[in-house]
Amino acid sequence: MVEVPTYQHKLDDNHVLNAYSIDPSIGSQELESLVRDNDGIGNDPDKAKEISLVRKFDSFDDFDFVVVEGRYEVPEQLRAFREAIGKEYDNKGRYNGPVAIVDGSVELPLKLKQGGFYDYAATKLGAIPAELLPDSYPADKANGELFEEWGIPNDERAKYLGHAYLMLTNNGKELTLVQRAKGMAVAGDCMGVAGSTPNPNFSEHGFDYVNYVKGHVNDEMMEEFKLGPDDFSVSGIYLFNDKRN
């Protein structure tokens, strides 16, 4: 039987974090270093204020949404940047995967429109268009500032649905965390919960988003954790609105 490397890290208020390595290349010393180096990172109360709970669902069958016809397009002022960022990402080997973009505000029923990951990259608030097109956009100005100058509402950004898996074991006493890959386009090289990006294609004949997303979760659990449908259960689905990211 293979012994799993572990490390116990003391937290505030007499709590402890019991860390277990599922990566054969990460031993006890590496695990300790990983946890210590990340202790306190990301604990930003101001960022937390930008995230709000919209609704809790018991199952995907209760998910209240409408698929809107047509494809999402970035605001006119950013279309040149969208084209440039597509070329740059293609050269880096990234993929403009299909994503479900929220059309308008994040409220129920949720209106979903077909879009691509590059649309998100071109409209995220921290992106600086002048870095790729210095002759077309003001230097050092990020989208967040440009949107205000142009009078573009935040709801016109390519806000897409993503999944975060809060995986609990041992009757809820243990939480599974992962170390994200350094090259991830969103929040790379940090500790976090497991996640995935659904890639629905709404143009497929008879497309059913609920059945698609159930299958997506099953595929992710098998691919990442070798868990079959009978090895886990979904105890709740929380829809959050992250106004910044």
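Is lysine 226 buried or exposed? Lysine 226 is exposed, because its relative accessible area is 61% (buried means under 20%, exposed over 50%, partly exposed in between, with a 1.4 Å probe and protein chains only). The model is predicted: local features need pLDDT of at least 70, side-chain atom pairs count only at pLDDT 80 or more, and totals for chains, interfaces and linings use all residues. Residues are numbered from 1 along each chain as its sequence is written, and side-chain values use heavy atoms, with hydrogens and water left out.

**Overall**

- The chain has six helices and 13 strands (DSSP runs numbered from the N terminus, helices being H or I of at least four residues and strands E of at least two).
- Of the 245 residues of the chain, 30% count as buried.
- Along the principal axes, the C-alpha atoms fill a box of roughly 60 × 45 × 35 Å.
- Among contacts in the chain with a separation of 6 or more, 63% come from residues 24 or more positions apart (contact means heavy atoms within 4.5 Å).

**Strand pairing**

- Three strands form an open sheet in the order S4-S6-S5, with mixed pairing (two strands pair if DSSP finds at least two bridges between them).
- Strand S4 (65–71) and strand S5 (98–102) are the edge strands, each pairing on one side only.
- On average, neighbouring strands of this sheet are turned by 35 degrees against each other, direction ignored (axes are lines fitted to C-alpha atoms, for helices over the stretch in contact, and angles run from 0 to 180 degrees between N-to-C directions).
- S4 and strand S6 (residues 110–116) run parallel and are joined by four bridges; phenylalanine 65 stands opposite leucine 110 in S6.
- Strand S1 (residues 6–10) and strand S2 (residues 16–20) run antiparallel, joined by five bridges.
- Lysine 10 has valine 16 in S2 as its bridge partner.

**Nonpolar cores**

- The largest nonpolar core has 22 residues, of which Phe63, Phe65, Leu110, Leu112, Leu161 and Tyr209 touch the most other members (a core is a set of buried Ala, Val, Leu, Ile, Met, Phe, Trp, Tyr and Cys residues joined through side-chain atoms within 4.5 Å).
- S5, S6, H6 and S13 are the elements that give two or more residues to this core, and H6 gives the largest share, six residues.
- Apart from this core lies another, of 20 residues, including Val99, Ile101, Leu125 and Ala158.
- Leaving aside neighbours within four places in sequence, leucine 112 is in contact with Phe65, Val66, Val67, Val68, Ala100, Ile101, Val102, Leu161, Phe202 and Tyr209.

**Aromatic rings**

- The whole structure holds 15 aromatic pairs (rings of Phe, Tyr and Trp, the last by its six-membered ring, pair if their centres lie within 6.5 Å; planes under 30 degrees apart count as stacked, over 60 as edge-to-face and the rest as tilted).
- Phenylalanine 81 and tyrosine 137 form an edge-to-face pair, because their ring centres are 6.3 Å apart and their planes stand at 70 degrees.
- This pair links distant parts of the chain, 56 residues apart: phenylalanine 81 is in helix H3 (residues 79–91), and tyrosine 137 is in the loop between helix H4 (117–123) and helix H5 (143–150).
- Phenylalanine 81 counts as buried at 2% relative accessibility, and tyrosine 137 is buried with a relative accessible area of 8%.
- Phe57, Phe63, Phe65, Phe202, Phe207, Tyr209 and Tyr212 are linked into a cluster by ring pairs.
- Arginine 94 has its charged end over the ring of tyrosine 89, 4.5 Å from the ring centre (NZ of Lys or CZ of Arg must be within 6 Å of the ring centre and within 35 degrees of the ring normal).

**Backbone details**

- Leucine 108 and proline 109 are joined by a cis peptide bond, with omega about -5 degrees; proline 109 is found in the loop between S5 and S6.
- Aspartate 13 takes a positive phi near 55 degrees in the hairpin of S1 and S2, which has five residues between the strands.
- Asparagine 171, a residue other than glycine, has a positive phi near 55 degrees.
- Asparagine 171 lies in the loop between strand S8 (168–169) and strand S9 (174–175) and counts as exposed at 80% relative accessibility.
- Lysine 226 is not a glycine, yet has a positive phi of about 55 degrees; its place is in the loop between helix H6 (209–225) and strand S13 (237–242).
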